[in-house]
Amino acid sequence: MADTVEGVSFQPHPDAERVLTPEAQGFLAKLHRTFNARRGELLAAREERQKKIDAGGTLSFPPETASVRSGDWKVAPIPADLQDRRVEITGPCDRKMMINALNSGAKVFMADCEDAQSPSWANQVNGQVNLMDAVRRTISLVDAARGKTYELSPTTATLLVRPRGWHLPERHFTVDGQPMSGSLFDFGLYFFHNAAELISRGSGPYFYLAKLESYLEARLWNDVFVFAQNELRVPHGSVKATVLIETIHGSHQMEEILYELRDHMAGLNAGRWDYIFSCIKTFRHHDQVVFPDRSQVTMTVPFMYKYTELLVQSCHKRGAHAIGGMAAFIPNRRDPAVTQNALAKVREDKKREAGQGFDGTWVAHPDLVPVAQEEFDKALGIQPHQKDKLRKDVSVTAPELTDFTVSGGTITEAGVRLNINVGIQYVNAWLQGNGAAAINNLMEDAATSEISRAQIWQWIHHRAKLDDGRTVTLELYRTLRDEELAKLGSGGADTGRVKEAAGLMDSLVESDDFAVFLTLPAYELLD
């Protein structure tokens with residue numbers, strides 16, 4: 001086991017000697033002692049904002065930052081290897097998946113320590129080892145059963161890392177008796193081990209930042225970046241961050257977030273699934289805000305389309321990249337018809353994004369890279385991006401962002417069943433260490449599972465009506481849950497950790513209080 005520094009304690013792991021060196025521990029401890037108190041204050045501020053909305057409040061563009069929105073400023077220049085981001089692929093820090101993603105032909109690979117990775121201690125430590133090897137291009141894997149060796153191609157995607165959100169702890173690593181922030185742990189280890197190496201190779205420490213709710217949370221990240229660069233004598237501005245606008249709060253503060261991170265900013269991303277979840281969560285007590293089946297909340301419904309239009313305009317106004325949302329489809333090689341139908345929908349989605357002015361987009365599977373790239377090649381040509389499209393025609397008001405009307409939207413029994421089925425299957429996979437689960441030809445992660453349980457809670461607590469006139473009640477939920485459990489094989493509750501997953505789903509949807517993130521109670525069940 002690696003030696004520990006004063007005040008630091010962590011769970012043993014075979015790779016601790018390499019990853020959690022005394023020097024790395026010391027760096028993590030400094031990050032915790034310098035920034036954790038502010039993190040706690042910002043999380044408390046989230047609760048206060050929510051209380052005001054629960055009491056009938058709404059959201060607006062912050063009046064105190066009007067000068068930022070009207071000011072004449074740009075983000076700092078963006079490095080060469082982040083100029084062309086027309087297709088980005090995402091996935092967990094699993095060794096095989098990382099190799100395949102880096103070799104996929106995408107311009108960027110986002111290694112996800114957050115929604116696509118179950119945060120078991122083994123996953124977190126092994127993930128950091130895999131990242132270190134990927135940066136040094138020594139990552140490989142021998143699959144003896146298949147007789148295959150996986151290793152990097154000569155040309156690979158640019159690597160970005162998504163640390164966990166500010167709300168998530170790392171209870172396996174404590175400083176002065178406190179669990180460390182998952183955000184600071186993920187960022188700190190990757191930065192400590194790889195920043196100098198990346199710069200020596202002509203790249204840099206690049207990150208995706210998840211679930212920010214305010215420009216003050218962006219300011220905290222910026223201060224973390226400045227501190228880390230100074231501490232390790234890395235040039236100021238070497239860190240570049242892309243922020244996922246995946247909360248309804250964040251969509252009202254896009255320019256402010258760009259401004260706070262302007263020395264370290266690369267772009268914004270339209271995190272569509274978490275955004276839908278955030279809308280439901282934030283306005284959960286408002287009777288007039290009841291969403292239809294998740295499949296009906298597409299990117300073309302007014303409030304989603306307005307949010308993406310404002311994102312493109314905000315980014316290009318300030319010289320940053322605008323990155324589109326996830327295509328989560330997984331090709332089904334046993335059913336070509338299903339695959340062709342899904343690919344047509346992916347193509348339509350990416351064509352829309354390219355036409356709006358996005359500079360790139362996300363996919364979850366290597367087979368989707370060519371489809372997405374073809375649509376962005378048509379829009380960009382040989383140019384690396386289309387930031388010259390300033391979208392001065394766009395005018396979005398705060399009320400338009402919170403007008404959640406979905407014309408013709410309905411709640412169906414099939415929609416309730418899907419949410420139950422996906423929610424239980426995903427949490428079952430997550431509890432077994434798999435944070436990116438293939439379910440019904442889609443790559444499900446924590447965000448889509450959050451939508452599933454949030455919608456059921458909302459429908460029950462607002463006594464929503466199905467399209468056949470029935471009311472969504474706890475009794476109906478329990479009946480459908482039992483039927484869906486029976487479909488999951490071997491009696492349902494005997495498969496993997498399905499019984500625990502179903503129990504967690506029950507506790508989330510039956511509670512009078514809305515749990516802000518399912519991953520917090522689920523984390524208590526994780527090894």
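Helix 17 and helix 18 are roughly antiparallel to each other, a label given to angles over 145 degrees, whereas angles under 35 degrees count as roughly parallel, 65 to 115 as roughly perpendicular and the rest as oblique. Helix 17 covers residues 474-486 and helix 18 covers residues 498-510, and their axes come within 12 Å and cross at roughly 165 degrees. These axes are lines fitted to C-alpha atoms, for helices over the stretch in contact, with angles that run from 0 to 180 degrees between N-to-C directions; the helices and strands themselves are DSSP runs (H or I of at least four residues for helices, E of at least two for strands), numbered from the N terminus. This is a predicted model, in which local features need pLDDT of at least 70 and side-chain atom pairs count only at pLDDT 80 or more, while totals for chains, interfaces and linings use all residues. Residues are numbered from 1 along each chain as its sequence is written, and side-chain values use heavy atoms, with hydrogens and water left out.

Helix 17 passes helix 18 in a right-handed crossing, that is, with the near helix turned clockwise from the far one by less than a right angle, the anticlockwise case being left-handed. On the helix 17 side L474, Y477, R478, R481 and L485 take part, and they meet V498, A502, M505, D506, V509 and E510 of helix 18, where contact means heavy atoms within 4.5 Å. Sorted by class, this contact has seven nonpolar, no polar and four charged residues; Ala, Val, Leu, Ile, Met, Phe, Trp, Tyr, Cys and Pro are counted as nonpolar, Asp, Glu, Lys and Arg as charged, and the others, Gly among them, as polar.

R481 also takes part in a salt bridge with D482, the closest N and O atoms being 3.1 Å apart, a salt bridge being a side-chain nitrogen of Lys or Arg within 4 Å of a carboxyl oxygen of Asp or Glu. R481 counts as buried at 12% relative accessibility, whereas D482, at 43%, counts as partly exposed; buried means under 20% relative accessible area, exposed over 50% and partly exposed in between, with a 1.4 Å probe and protein chains only.

The axes of helix 15 (residues 413-431) and helix 16 (residues 446-461) come within 9 Å and cross at roughly 135 degrees, which makes helix 15 oblique to helix 16, and the crossing is left-handed. Among the residues that meet here are G415, V416, N419 and I420 in helix 15 and A446, S449, S452 and W459 in helix 16. By class, the contact of helix 15 with helix 16 has eight nonpolar, six polar and no charged residues.

How many salt bridges are there by the rule given above? The count comes to 51. In one of them the side chains of R49 and E213 meet at 3.4 Å, N to O, and this pair links distant parts of the chain, with R49 in helix 2 (residues 22-54) and E213 in the loop between strand 9 (206-209) and helix 7 (215-231), 164 residues apart. R49 is partly exposed, with a relative accessible area of 24%, whereas E213, at 8% relative accessibility, counts as buried.

Helix 10 (residues 272-282) is largely enclosed by the rest of the structure, because 10 of its 11 residues are buried, including R272, D274, Y275 and K281. In the loop between helix 10 and helix 11 sits H285, which counts as partly exposed at 39% relative accessibility. Leaving aside neighbours within four places in sequence, H285 is in contact with D54, W457 and H462, and its C-alpha is 8.6 Å from that of H461, a residue 176 places away in sequence.

Two backbone angles remain. K211, in the loop between strand 9 and helix 7, has a phi near 60 degrees, a positive value in a residue other than glycine, and K211 counts as buried at 5% relative accessibility. N441, in the loop between strand 14 (437-439) and strand 15, has a positive phi near 65 degrees, and N441 is partly exposed with a relative accessible area of 28%.
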